[in-house]
Number of protein chains: 2
Amino acid sequence: MGDAVKSPRARYREQVRDEIKAHAWTQVATTGASALSLNAIAKQMGISGPALYRYFRNRDELITELVLDAYRDLYDTWRAAVTPGDSPEARLAAMASALRRWALATPHRYLLIYGTPVPGYAAPPEATELAAGLMALLLDAFAETEGKAENEAATALEHHLATHRQWAADHPAPPSALRRALTFWTRLHGVVSLEVAGHFTGMNFDPGLLYAAEGDSVVNAP
Amino acid sequence: MGDAVKSPRARYREQVRDEIKAHAWTQVATTGASALSLNAIAKQMGISGPALYRYFRNRDELITELVLDAYRDLYDTWRAAVTPGDSPEARLAAMASALRRWALATPHRYLLIYGTPVPGYAAPPEATELAAGLMALLLDAFAETEGKAENEAATALEHHLATHRQWAADHPAPPSALRRALTFWTRLHGVVSLEVAGHFTGMNFDPGLLYAAEGDSVVNAP
DNA sequence: ATACTTCAGTTACAGCTTCTAACTAACACA
DNA sequence: TGTGTTAGTTAGAAGCTGTAACTGAAGTAT
């Protein structure tokens, strides 16, 4: 485990695990996580079904691994999308459009982490930490900008968040930033989740414009 | 079919169909639609598995029926929530809080229509019509109020919607109302979908306050 | 070098799923 | 009383997850 140079067995094991995950991803991308079949993966790899259980305790463990990978990939995507020196507004805009591109590229990957939870699956603590890492990127940016609560309910929320901020306990962002980061997240998710779930198809308008307006509504609040 | 008084066979058939759906609903409520098992329903009813195929062509047809029922139920809930004479603001507030209550009462029912689509399932045209019926209730209210686009992106969206309004073709609401209804929908969905999917658990804040702020942000825009 | 242990992969199987095919038995109606 | 419709049956194909028991190869220790 702590070895810098891994044994050949461990290397082989890791390689097969990666191959399994690669096949799992193509399956998720096409049919979604709920239809993921370990048997089908084994068949594609030319091995028997039960052989996969040497590498993953069960189906849920494989799915959990995919969820964590998805979080990490989104985190990397955001890190790659922002230019460190840029203004917070520019960084938020970059993260917003990167998120939608990431979601539309592989809708089922987005739904895997933000859609209907697959029955029986329990999010591991690591997933919560990765989600917090994403949130931290938003908080970093919002902490650098000002933004007034636009109505009484928003003010009430902001006051509430001043004392209910365990989810951002180790981040110095003020309540206003917490509120705007949360709002940013839910507004973007509201648009993109309905889009990837196909709820806009047939409505004949451009979801990209709605998405842009929603992102701007939080970042460039009047 | 067109008979006002149905034959005893048809009545029996309808009764069994309803019983199947009732069992399906309790199953959906506990484990979600993706884990719905026709076999398990048959066992609960004391009949053999294949007998159910007399009443539903296949699993997807049963799920489709549940989806349509859910839409109808949400529509009725909204109709019951609003008081006709009330101000549009009051009606929108009533629909918003009714929606969240409806979603939290049976999370999987909300996810059935607004969550990850179950693989293989294709939304029937009737579902689109029912969704349009829900949207019409929002449009009715927003058409009675004023609301300015708060930034350039929102203005661009509003202009776009002036010429891309097939989804509200038979509704006289102006572009501003279309924009606000759409925004209302996605903002409420953004909060409630993350809430029912469990993404707020462990964050230790009250989603109800965020939900209220989001609803107000569209209805009581400054 | 030989013996021992670890482990990847195998087949067989239990138990679950959807769904089809063929058959029986009850009912409606003329 | 006869005929056609239909609700239900069992049998079974083909798929799934997951367990048990076994084989054979690779790594490790003596």
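Me: What does the area buried between domain 1 of chain A and domain 2 of chain A stand for?
Reply: Buried area is the accessible area, taken with a 1.4 Å probe, that two parts lose on being put together, summed over both. In this predicted model, that loss is about 1,100 Å² for domain 1 and domain 2 of chain A, and carbon and sulfur atoms give 77% of the area.

Me: Where does chain A divide into domain 1 and domain 2?
Reply: Domain 1 covers 1-56 and domain 2 covers 60-219. Their C-alpha centres lie 30 Å apart. The contact takes 16 residues from domain 1 of chain A and 12 residues from domain 2 of chain A.

Me: Why is the meeting of Glu65(A) and Arg17(A) called a salt bridge?
Reply: The term requires a side-chain nitrogen of Lys or Arg within 4 Å of a carboxyl oxygen of Asp or Glu. The N to O distance for Glu65(A) and Arg17(A) is 3.4 Å, so the pair qualifies. Between domain 1 and domain 2 of chain A, the count is three salt bridges.

Me: Which elements give two or more residues to the side of domain 1 of chain A that touches domain 2 of chain A?
Reply: They are helix 1 (8-31) and helix 2 (38-45) of chain A. Helix 1 of chain A gives the largest share of that side, nine residues. The residues of that side divide into 11 nonpolar, three polar and two charged.

Methods
Residues numbered from 1 in each chain as written. Chains lettered and ligands numbered in written order. Predicted model: local features only at pLDDT ≥ 70, side-chain atom pairs only at ≥ 80, totals over all residues. Heavy atoms only, no water. Domains from an automatic or database assignment. Contact = heavy atoms within 4.5 Å. Helix = DSSP H or I, 4+ residues; strand = E, 2+ residues; numbered from the N terminus. Nonpolar A, V, L, I, M, F, W, Y, C, P; charged D, E, K, R; others polar.
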